Amino acid sequence: MNTIKDAKFIKEAFDFGTAVPVFKKVIWLDKKINKATLLCSALGYYEAYLNSQRVGKFIFAPGWTSYGKRLQYQEYDVTHLMEECNVLEIAVGNGMRFHKNRHENYESITCNDSALIAAVKVEYADGTEAFIPTDSTWECAKSNILESSVYNGETVDFTFDTDETFAVKELDDVNKDILIPTEGEETREMATLSAVKLITTPKGETVIDFGQNLTGYVEWVVPQRKGAEFTIYHAEILDKDGNFYTENLRAAKAQVHVTSDGNERVYKPHFSFMGFRYIKLEGFEKDEIDIENFKAIVVFSNMKRTGYFACGHDLIQQLYENIVWGQRGNFLDVPTDCPQRDERLGWTGDAQVFARTASTTYRTDKFFKKWLNDLAADQHEDGGIPHVCPDLAWDSYGSSAWADAMVIVPYWVYRTYGNPRIIKDNFEAMKKWILFMESKGSQRGLFDTHDHHFGDWLSLDAGDEATGGLTDKFLIGTAFFAYSNSLFIEMGKVIGEDMSYFEELYELTVKKYREVYLNTGKTEHETQTANVLALYFNLTDNPEREAEKLVKDIEACGHLKTGFVGTPYLLHTLTKIGRTDLAYKLLFRKEFPSWLFPVTRGATTMWERWDGMKKDGSFATPEMNSFNHYAYGSVGDWLYTTVAGIDSDFNEPAYKHIIFRPLPAKELGYAKSRILTENGEIISSWEYTGNGDECKFSFTIPNGSHATLYLDDEEYEFESGTYTTVFEYKGF
Ligand code: BGC
């Protein structure tokens, strides 16, 4: 039986410069067929057409993996597209292999050529078969895509004549053992948004607003003016004067240039995407601009939507929508930090922080399975985990809270969907990471000699432009050492591993943590994040003391100061210590710094920084100021588990045992969450009836699940069904 590995990697035999090559093969079928299949992969991104019909819906195929080790191929049933004489055309763009911006070194560690590997398998009705692999009999043409880059955009010239074909050459030195069938979700065009308004900015720029910051590209009708050149620029935000602002894209050009051939053409980029809400038009005559002709296409991984949240407070509702858009904008095959600037990398810390919320809102098991396999493949010999995955071979790696993605992400995937496979597949990599931390201590039990930590990234306790925060990085290191190990122990037990070594190590780590970091009086040990970690990770033997410090700090300044490390646990911790009132205060706060401050400034996605836009409307440093970064969207956990009150239980995962613990706040009026599980739909809702403290609660438990409800200090057990109760709610 032939496989894709029987085909050859091919590339154009002559230098096409920056133009995108299209590989071609004419396939004659002289007998009736039962089935035809296209197998395809590329070094770069490919787009396949059979008889001018697009094959499949996967954009940016074959996907982004740790290319040196793993390269996906796809299998498409193309029976319905086949005729007697067939023209197969496959364009190959640079994709993430040729990543020529700030992180330039990526190219050198993968391969130097873009290339195609493909095969068509035909099963004839008479039982015979044919196999048509890529080889030197294929031909190649220069496409009208003269330049294409993920970050910079695309240049297309429709006047360019593409008829001439050239020879191809076979590449024998590309390792075919790395080819694997698709593991992740396909990236697809998931939604189309219409333009909402046309603006002329104070500078006189012609700008279209799509009303939503998003990730994708614009599909537009190219005006029929032969030889005319049109340029579209992309931006997430307008500056305080209302002008088009692109400085925060750093080196990413995010521009599209198209030359019209005078024919009616609808164009959208092939191998590029942008993070944008606004586009600026150049080269258009006034009467050539009709906003109906511009559509924003939203692209992300084809995950099933599973979680919903609604409440009676407009700003909180918008915050929730922004969290969902943050996931749409950054779950593009790989969980990325941002979609707009010259970065768009699989930052481990960001993924770790957001994994729980993400896995409630969308079904992520397939998406994360692929990424975790890459993460394990990119793990260093000594157990260190890279900062970004796919890895860019940086010198530094193994940052606490970033590298812990190796443990924390599988934990949430297992707890949410219940398949122990994710634990088995990642067990060795998790173990190596825990042992790495163990090996990097001044004493066993501390993770305090390894110096590559990002710290409490973008927290507010170390001054305006500081990034790593005030909290002692080794405190964070040791706290995550204990926390990740505790999750690892739980997971190991699920698959029947002997975890006694790690249990002993855990006890020791907690002991050392207490000795070295608790109650030292040092400011870097007493930050909001330090107290949150001590409480949330169960590291303190004196929770009242840490709780008091945390509350005092918040009350003194009236706001949060936490960064990437502390923020995901902040509200959970306040609930844990019985101060849900204070958690709501932080949630409802509208002034900077808070979750709602961006919402009051019109944000439609989560910002990277609490002060992305400052109080006076100016921006934080363009060096690092994304308006579509999901990390602070991790507050979504608290909306699901505490506001609406639906939580899962590790011991009966996949919501077989549901924990309902709603903690209503009157300002919200009502809250409701629905979560789709394998057993069916879970619903929790509550609503103040308008009669004083009277609140109506309602819960739905699907067949095959059971629930424990915690309400006003009481505990109730429920089997499947729908239950409603109205009573005077005492509050928290
Ligand atoms: C990214 C972050 C990331 C950080 C590392 C930034 O450039 O955008 O989200 O986690 O670097 O500290």
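Strands β31 (residues 680-688) and β32 (residues 694-701) run antiparallel and share 6 bridges. Across this pairing, Y688 faces C695 of β32. The model is predicted.

- The open sheet has 5 strands, in the order β25-β30-β31-β32-β35.
- Its pairing is antiparallel.
- At the edges are β25 (307-311) and β35 (721-728), and each pairs on one side only.
- On average, neighbouring strands of this sheet are turned by 5° against each other, direction ignored.
- In general, the strands of a sheet pair through backbone hydrogen bonds, either parallel or antiparallel.

**The nonpolar cores**
- The largest nonpolar core counts 196 residues.
- W220, F294, F309, W371, F480, L571 and W595 have the most contacts inside this core.
- Helix α7 (residues 473-494) gives the core its largest share, 11 residues.
- Another core, of 33 residues, lies apart from it; I10, A19, L29 and V55 are among its members.
- In soluble globular proteins, nonpolar side chains tend to be buried together.

**Around W595**
- Beyond its neighbours within four places in sequence, W595 is in contact with residues including L319, L560, L571 and W610.
- Y632 and V635 are also among the contacts of W595.

**A buried asparagine**
- N373 sits in helix α4 (residues 365-378).
- Is N373 buried or exposed? N373 is buried because its relative accessible area is 17%, and buried means under 20%.
- Leaving out residues up to four places away in sequence, N373 touches R70 and E183.
- The side chains of N373 and E183 are joined by a polar contact of 3.2 Å.

Technical notes. Residues are numbered from 1 along each chain as its sequence is written. This is a predicted model: local features need pLDDT of at least 70, side-chain atom pairs count only at pLDDT 80 or more; totals for chains, interfaces and linings use all residues. Side-chain values use heavy atoms; hydrogens and water are left out. A nonpolar core is a set of buried Ala, Val, Leu, Ile, Met, Phe, Trp, Tyr and Cys residues joined through side-chain atoms within 4.5 Å. Buried means under 20% relative accessible area, exposed over 50%, partly exposed in between (1.4 Å probe, protein chains only). Helices (H or I, at least four residues) and strands (E, at least two) are DSSP runs, numbered from the N terminus. Contact means heavy atoms within 4.5 Å. Two strands pair if DSSP finds at least two bridges between them. Axes are lines fitted to C-alpha atoms, for helices over the stretch in contact, and angles run from 0 to 180 degrees between N-to-C directions. A polar contact is a pair of N or O atoms within 3.5 Å; within protein, one must be able to donate a hydrogen and the other to accept it, and residues adjacent in sequence count only if both atoms are side-chain atoms.
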